[in-house]
Amino acid sequence: MKVYFCGSIRGGRDDVHVYRRIVHKLESYGTVLTEHVSSLELTARGEDATAAGDRAIHDRDMEWLRQSDVIVAEVTQPSLGVGYELGRAVDMKKRILCLFRPSSGRSLSAMIRGFDDGELYVVRDYSEEEVEKVLEEFFSTLPRT
């Protein structure tokens, strides 16, 4: 199974420790195409955009999104990039899990929470201590590939 993980990069790296925990668990389900999102070395400045620049990053990530079987997005830290990726994934009819921590004190965008259909697109509130359990529950509902 190919998993596309979404988390904030240029929108802020406050949750990188949570991303690392999520990506570690996701690796037990398959290949995480975007494991670099959980890297402690990656700052809010983003990746060094190769000579081709931001276009190369966009095109690479869209190719990974097309290849993926499932998308898991940590959406607590607001991010334009994550919102864009989710919109594109919805258009591709991908299976999506959005994870949000209410303890952050933030409110999740209605555009993210309001689309939850309980099947292809699922939003789950969670605490950091239960993230592995939430992922286990979600992945247990997926057909084996």
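View 1. In the lining of the second largest pocket, 8 residues are nonpolar, 6 are polar and 1 is charged. The structure shown here, as in every view below, is a predicted model. The lining of the second largest pocket comprises 15 residues, and those nearest the centre of the pocket are V75, P78, L108, S109 and I112. Helix α3 contributes the most to this lining, namely 4 residues. The volume of the second largest pocket is about 190 Å³.

**View 2. The largest pocket and the elements around it.** The largest pocket holds about 550 Å³ of space. Its lining is formed by 22 residues, and R10, I57, D61, G81 and E85 are the ones nearest the centre. Three elements, β1 (2–6), α2 (54–67) and α3 (80–91), each provide at least two residues of this lining. Sorted by class, the lining of the largest pocket contains 9 nonpolar, 8 polar and 5 charged residues.

**View 3. The packing of helix α2 against helix α3.** The axes of α2 and α3 lie 11 Å apart, and the two helices pack at an angle of about 40 degrees. Angles under 35 degrees count as roughly parallel and those from 65 to 115 as roughly perpendicular; α2 and α3 are therefore oblique to each other. Their crossing is right-handed. On the side of α2, the contact is made by H58, D61, M62, L65 and R66, and on the side of α3 by Y84, E85, R88 and A89. The classes represented in this contact are 4 nonpolar, 1 polar and 4 charged residues. Two of the residues named here, D61 and E85, are also among those nearest the centre of the largest pocket.

**View 4. The packing of helix α1 against helix α5.** Helix α1 spans residues 16–26 and helix α5 spans residues 131–140; their axes come within 10 Å and cross at roughly 40 degrees. This angle makes α1 oblique to α5. The crossing in which α1 passes α5 is right-handed. From α1, the residues R21, I22, K25 and L26 meet V131, E132, L135, E136 and F139 of α5. By class, the contact between α1 and α5 has 5 nonpolar and 4 charged residues, with no polar residues.

Key. Residues numbered from 1 in each chain as written. Predicted model: local features only at pLDDT ≥ 70, side-chain atom pairs only at ≥ 80, totals over all residues. Heavy atoms only, no water. 1 Å grid on protein atoms, 1.4 Å probe; cavity = no way out; pocket = protein on both sides within 12 Å on 5 of 7 lines; lining within 4 Å. Points joined across faces, edges and corners; volume = space filled by probe spheres on them. Nonpolar A, V, L, I, M, F, W, Y, C, P; charged D, E, K, R; others polar. Axes fitted to C-alpha atoms, helices over the stretch in contact; angles between N-to-C directions. Parallel < 35°, antiparallel > 145°, perpendicular 65-115°, else oblique. Left-handed = near helix turned anticlockwise from the far one by under 90°. Contact = heavy atoms within 4.5 Å.
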